[in-house]
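This report describes a structure one topic at a time.

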Amino acid sequence: MSDLILPFLDLFQALQRAGMKLSPEQYDLLRQALSLGFGVENWEGQNWDDLRQVCQALWVKPSRNYDAQVFDRIFTQYVSQKRRDIQAHQSQEEKQKTTPRESKPLEPTRQWPKVPPRKMSASQPAAEEAKVPVAVKTGVAGLPEVDETGLSLTPSQMPLPRRVVLDSWQLLRRPLREGTRNELDVDATIRCITREGYFSDVVMRPIKNKRVELIVLVDDSNVMLPFRPALEPLVNAIATQQITPATLYRFTTYPDEYLYDWQQPTQAIALDQALAKMHSRRTIVLIWGDAGATQTNPPEDHRKGLMSFLTRLSPCVRSLIWLNPLPPHRWIGTLAAEVAYWLDGRMTDLSGPEVLALAKRPATNDRLFLRAPV
Amino acid sequence: MEAGRMTNQTNIDYTYSGDQKYQPTADGLRDPDGREYFPYLPEPGLKKALNLAIALRRPLLLEGEPGCGKTRVASALAYELTCRKLGDQHPKPKERTDWWNFYIWNVTSTSRAQDGLYTFDAVARLRDAQLIGSGPEQLKKYLGEKEVNALESRLKDKTKYREFGALGQALREQTYRPVLLIDEVDKADSDFPNDLLLELDELRFTIADTNENIGPPDADNKPIILITSNREKPLPEPFLRRCLYYYVPFPKEDILRNIIEARFGQRVAQKEELVNLALQKFDMVYNLLKRQPGSRPPGTSELLEFLTALIQEHRTVEDAITDLENLAGELPLLGTLIKTKADQDLYVKTYPKNSEG
C-alpha cells in the first residue's frame, strides 16, 4: 500500500501493459471497493488472496481483453515483487536498529535462500562422459538465411482486410422474420379492417431479428498452411468479438465424423453434435479450404466425403460461403470446380468485392440448396 | 405482532452471509408466487464476489458449469434478505408482505430487451376503442353496465394497458433494494445484452406509449442485479465492462457433502455408507464425461436427483446399495446422472456390469 491516494495504481498499470483493456472507471471501482473494506482481509498476515479475489471479480471477464491467465501471471509477479520489497525494507530497518558496532561487511539486502555449495565429487561422471542429448539451434542446412524484415505483412496487404471481413459480416446479418407470430402487423390489420368493414381480429407476424451465428470451418492440412496469414483478419475479428457469435473449427482435407476445436486441435467434436447445435434459419457457415484445387486427381473418397458432408450440412444452415484461397483458374479440372458447381457458385477466391457480393446475395429463400452432381 | 415482525428499513445490512439461521428447511419453502427456496451453501469466492457487487451497486455476471448453483444463489440471497427484514425470522409462505421483492427474468431465444422493461397491449386498446365506438347503448345490453363502465375508464387511462417486466418492476418505486435475476442472458439475440446497456447503467427508461419516465431509483434502492450465462455464446464487451464477473466452480467433495446434508437433512441420517458410495459413483461418472468430447458432466442438481432416487422412503438402504453397485444395469437410475444414450453406452462399456467395485 505504497500510495494511499492511488492504491495499487502500479498493479493496475502493469495489467494494462500486459494487454488488459482496463478503463479508469474500472480502477475507480477498486478504490471504491477498498474504501468499503474489501480486499484487505487478513492484510496484516501479508495475505494477498483477498485482494486477488476482489481484483479478479472487478477486472477479469470472459473475453480476451480481460483474460484470467494474464491477470494471474501479472498479479503473481506483482505480489512476489512487493514481498521482496517489503522484506528488503524490513531487513534494512532491522539492521539500522541492531548493534551498529558490529562493522561487518554489508550483506546483500535480499535474502537469498541458503543452498549448500554443490559438490562435484570424483564419483560423479565427468561432463564429457555424460551422454545427454542436447538441442542446438542451427540454420536449415543448404538453405540460405532469409532476411525476414522484408517479408513482414501489414494488414493493408491482406487479400481480405479487416474492413471487408466486418462489412461482409454486417451484410450476412440480414434481419429475417422467423419464429412464432408475436408481433402486431399494423398495416395488415388496417388492410383487414378496410376490407371487412369492421375490426374482427389482428394480424400477427414473426418478429424481425438479426439472429445470426457464424461457423467457420478451417482446413488445416499442410497444403493450406501457406495461406493461413490471409485468414488472420477473420480469426482476429472473432477473437476480439467483433464478429459474434462465431465458432471456429478445424478439419483436415474434408470434415468427416469429427471437427476439431480451434484452440485445442486435439479435442474432437462429433460432427453430429456440431450439426445439431446449428439453427437452420440462423447459422451461416464459412469454409476455408482448397476443396481439392491443389490436386488434379483427387482420390475418390475425398470427393465422396466432401459430397456427403455438404449433403449433411445443407439442411442445417441458412447460407454457406466457401473461401478458396487459390485463384479460380486453378480450380478448373479439379474437385474445386465440381464443388463450386454443387454450391451454385457460392465459392470464391480471396477478392474483396467477390466476397462482399456473395455476402449480399441471399441464398434462395434463405436456405442452402445443393445442385445435383453431374 | 405484525408490527413487531417488521424492522426499521432505513438501515438494512445487505451483506450476504449464507448463515445457517437464514436457510429454509431441507424440504424447501414456496413464496406466494410459487417459487421454491432451498438451503444453499455458497462457495466462499461466490459469496465475496456477490457482496462486492452489492456494495459497488454493479450487476454481477455469473458463469459456470450447468447445475453448479448459479441461478439458486439469487433466491438464496432473496431469502436471506427476507429473513433479515423480518428480524431474523422466517417468512410465512402465504404472506406476500413478508417476502423480499425478488424479480426473475427468464431470457429465452425470442426475448427482446424491451420485454424485460414493459409491454404495451395496443391490441387490447384497439379492441376497447372499437367496442365503445360500436355504440354504448347496444354494448350495455351485451356486456352489462359494470363491464362497460370498466371498459370506459380503462380506455381513458393508457397506463392500464402497459405491464411491467421484471427489470421494469425492479426500477420502479421501491423502499429497499430489490433482487433481480436475469437468467441465461446468452440465450437471446446477440444484440440483446447491448440493448440493455442504458437501463443497466442509468437504471431508467421511458415508455413511449404512455409518455412515462421510470427510474432511476434512489441510491439506497437500486436493485441488486444478478445475471447468469451458460457460455453458449460470447457476450459483447461493452456489456461485460459494466458487470462484475465470477466463474462459479464445481463444488469440491466436502462442500458436496455439506450440500447433501443441508438438502436432505434427516433423510440421509444413518445412511453414510450409501452417501459415500453414491458420491464415489458420481465422481466416476463426472470424471468419465469430463474427458469425453461433446459430453456434459453432471452437476450438483443431477447429484441431488440421483440421491433423491436412491433414498426413497419405501426402499431399504441395502436395496439402494445393490442398485448402486450394479449401476451399469440400472439404466433409469443412471439416467438421473447421464442424460444421453451415447454417454450411457460409454459408461456401460467403461464400467461393465458385475465388474464394478
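## A glutamate of chain B

In which strand of chain B does Glu63(B) lie? Glu63(B) belongs to strand 3 of chain B, residues 60-64, where strands (E, at least two residues) and helices (H or I, at least four residues) are DSSP runs numbered from the N terminus. The model is a predicted one, in which local features need pLDDT of at least 70 and side-chain atom pairs count only at pLDDT 80 or more, while totals for chains, interfaces and linings use all residues. Residues are numbered from 1 along each chain as its sequence is written, chains are lettered from A and ligands numbered from 1 in the order in which they are written, and side-chain values use heavy atoms, with hydrogens and water left out.

With a relative accessible area of 2%, Glu63(B) is buried (buried means under 20%, exposed over 50% and partly exposed in between, with a 1.4 Å probe and protein chains only). Leaving aside neighbours within four places in sequence, the residues in contact with Glu63(B) include Pro62(A), Lys70(B), Arg231(B) and Tyr246(B), contact meaning heavy atoms within 4.5 Å. Ser229(B) is also in contact with Glu63(B), and the side chains of these two residues are joined by a polar contact of 3.4 Å (a pair of N or O atoms within 3.5 Å, of which, within protein, one must be able to donate a hydrogen and the other to accept it, residues adjacent in sequence counting only if both atoms are side-chain atoms).

## The sheet of chain A

Chain A has an open sheet of 7 strands in the order 6-5-4-3-7-8-9, with mixed pairing; two strands pair if DSSP finds at least two bridges between them. Strand 6 (268-270) and strand 9 (347-348) of chain A are the edge strands, each pairing on one side only.

Strand 3 (residues 213-219) and strand 7 (residues 283-288) of chain A pair in the parallel sense over 6 bridges, and Glu213(A) has Thr283(A) in strand 7 as its bridge partner. Helix 7 (residues 228-239) of chain A packs on the sheet, touching strand 3, strand 4 (246-251) and strand 7, and its direction makes about 155 degrees with that of strand 3 of chain A (axes are lines fitted to C-alpha atoms, for helices over the stretch in contact, and angles run from 0 to 180 degrees between N-to-C directions).

## Salt bridges

Over all chains the structure holds 35 salt bridges, each a side-chain nitrogen of Lys or Arg within 4 Å of a carboxyl oxygen of Asp or Glu. One of them joins Lys48(B) and Asp50(A), with the closest N and O atoms 2.8 Å apart; the pair crosses between chains, from helix 2 (residues 44-56) of chain B to helix 3 (residues 49-59) of chain A. Lys48(B) is partly exposed at 22% relative accessible area, whereas Asp50(A) is buried at 6%.

Asp115(B) is partly exposed, with a relative accessible area of 28%, and Arg112(B) is partly exposed at 35%.

## Chain B as a whole

The secondary structure of chain B comes to 17 helices and 11 strands, and 49% of its 357 residues count as buried. Among contacts in chain B between residues at least 6 apart in sequence, 75% join residues at least 24 apart.
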